[in-house]
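Visitor: I have not looked at this one before. Can you walk me through it?
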Amino acid sequence: MKTDTPPPAGTDAGVPGPRIAKTSGRPPAVKAKSSEGHVLNVFSHGVLVIWAILVILPLLWAVMSAFKTDKAIFNTPWALPDSLSFDAWGRAWSQAHMSEYFFNTVIVVGGSLVGTLVLGSMAAYVLARFEFTGNRFIYFLFVGGMSFPIMLALVPLFYVMDNMGLLNTIHGLIFVYIAYSLPFTVFFLTSFFRTLPTSVAEAALIDGASHTRTFFQVMLPMAKPGLISVGIFNFLGQWNQYMLPTVLNTDPEKRVLAQGLVELSTSQGYKGDYSGLFAGLVIAMLPVLAAYIVFQRQVVAGLTAGALK
């Protein structure tokens with residue numbers, strides 16, 4: 001016995017129902033966005049690769065030239081050295097007094113870096129955690145110091161250092177480096193201290209810790225990524241500083257590496273020791289590269305901590 005199947009509800013008998021078009025899993029807008037993101041990633045990676053080549057090639061060429069003779073540098077500048085000769089390194093380290101300049105630079109940069117981090121972290125912690133009259137004014141004074149060109153202050157700074165008896169001294173150069181680096185340090189660490197949880201400091205104060213103990217034993221260890229990041233930036237700027245020591249330090253026995261490299265390149269007039277100059281450049285670069293390689297993860301963590309929190 002044959003029975004007719006009733007048509008679906010909402011449709012007339014004998015009239016076919018509407019056909020449902022088959023669509024893909026992702027809408028066209030999502031496909032367009034994914035393709036745009038892929039093109040952007042390819043472009044950004046290409047720019048980064050080009051930038052890396054522009055940075056790495058001169059470094060490799062300087063290291064390669066440090067193992068060559070002056071004749072080989074001019075005849076085959078892009079070829080690999082025939083043999084590893086360390087004569088240029090010896091001349092740069094001993095005869096060009098790079099060892100003395102290196103030692104002076106370590107003392108100046110080490111002392112100024114410690115002073116900058118201690119004073120800058122203390123000032124940044126107070127500006128970030130305590131509300132008082134003039135807080136924002138003092139903060140913007142430090143921010144304004146970042147935009148002040150150091151070239152405009154060289155002449156008055158020279159006379160101030162001369163009147164204080166700090167010209168041609170290592171400790172005088174350390175004080176100037178600290179003052180030069182404090183604005184950026186306070187600006188960077190103030191923003192970092194604001195991202196740290198206040199509950200930890202409040203718990204330490206409730207347990208009876210003083211503000212000084214809370215800062216040095218609780219908050220400062222928590223700010224380690226920020227301290228390492230700003231320390232690396234200050235280390236780069238202070239290690240490569242040339243203008244300030246040239247103006248404030250004319251004593252040949254207290255010169256720093258930047259002054260020594262310029263002296264090495266100009267001391268012989270038209271007859272330059274190019275292999276020794278390249279060796280001196282590599283000697284000056286090695287501490288900076290080593291510091292960044294060792295603390296690379298901490299630098300990235302310190303730069304992204306504020307955004308993640």
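Predicted model: local features only at pLDDT ≥ 70, side-chain atom pairs only at ≥ 80, totals over all residues.

Visitor: Fine. How many helices and strands does the protein chain have?
Guide: The protein chain has 14 helices and zero strands.

Visitor: And how much of the chain is buried?
Guide: Buried residues make up 33% of the 309 residues in the protein chain.

Visitor: What share of the contacts comes from residues 24 or more positions apart?
Guide: Such pairs account for 74% of the contacts in the protein chain with a separation of 6 or more.

Visitor: Let's pick two helices. At what angle do α3 and α13 pack?
Guide: Helix α3, residues 87–95, packs against helix α13, residues 274–294, at an angle of about 70°. Their axes are 8 Å apart. Angles of 65 to 115 degrees count as roughly perpendicular, so α3 is roughly perpendicular to α13.

Visitor: Which residues make that contact?
Guide: From α3 there are Ala88, Trp89, Arg91, Ala92 and Trp93. Helix α13 brings Ser275, Gly276, Ala279, Gly280, Val282 and Ile283.

Visitor: How do they divide into nonpolar, polar and charged?
Guide: Seven are nonpolar, three are polar and one is charged.

Visitor: Trp89 is on that list. What does tryptophan 89 touch?
Guide: Leaving out residues up to four places away in sequence, tryptophan 89 touches Ala66, Phe67, Ala279, Val282 and Ile283.

Visitor: Now the largest nonpolar core. Which residues touch the most other members?
Guide: The core has 25 residues, and those touching the most other members are Ala66, Trp89, Met98, Phe235, Trp239, Leu257 and Ala279. Two or more residues come from each of α1, α3, α4, α10, α12 and α13. Helix α13 gives the most, with seven residues.

Visitor: What lies apart from it?
Guide: Another core, of 18 residues, lies apart from it, and Tyr139, Val176, Ile178 and Leu248 are among its members.

Visitor: Change of topic: glutamine 238. Where is it?
Guide: Glutamine 238 sits in helix α10, which covers residues 224–239.

Visitor: Is glutamine 238 buried or exposed?
Guide: Buried means under 20% relative accessible area, and glutamine 238 is at 3%, so it counts as buried.

Visitor: What does its side chain make a polar contact with?
Guide: The side chain of glutamine 238 makes a polar contact with the side chain of serine 181, at 2.8 Å. Setting aside neighbours within four places in sequence, glutamine 238 is in contact with Val109, Ser112, Leu113, Thr116, Tyr177 and Ser181.

Notes
Residues numbered from 1 in each chain as written. Heavy atoms only, no water. Helix = DSSP H or I, 4+ residues; strand = E, 2+ residues; numbered from the N terminus. Buried < 20%, exposed > 50% of the residue type's maximum accessible area, 1.4 Å probe, protein only. Polar contact = N/O pair within 3.5 Å; in protein donor to acceptor, adjacent residues only side chain to side chain. Contact = heavy atoms within 4.5 Å. Axes fitted to C-alpha atoms, helices over the stretch in contact; angles between N-to-C directions. Parallel < 35°, antiparallel > 145°, perpendicular 65-115°, else oblique. Nonpolar A, V, L, I, M, F, W, Y, C, P; charged D, E, K, R; others polar. Core = buried A, V, L, I, M, F, W, Y, C linked by side-chain atoms within 4.5 Å.
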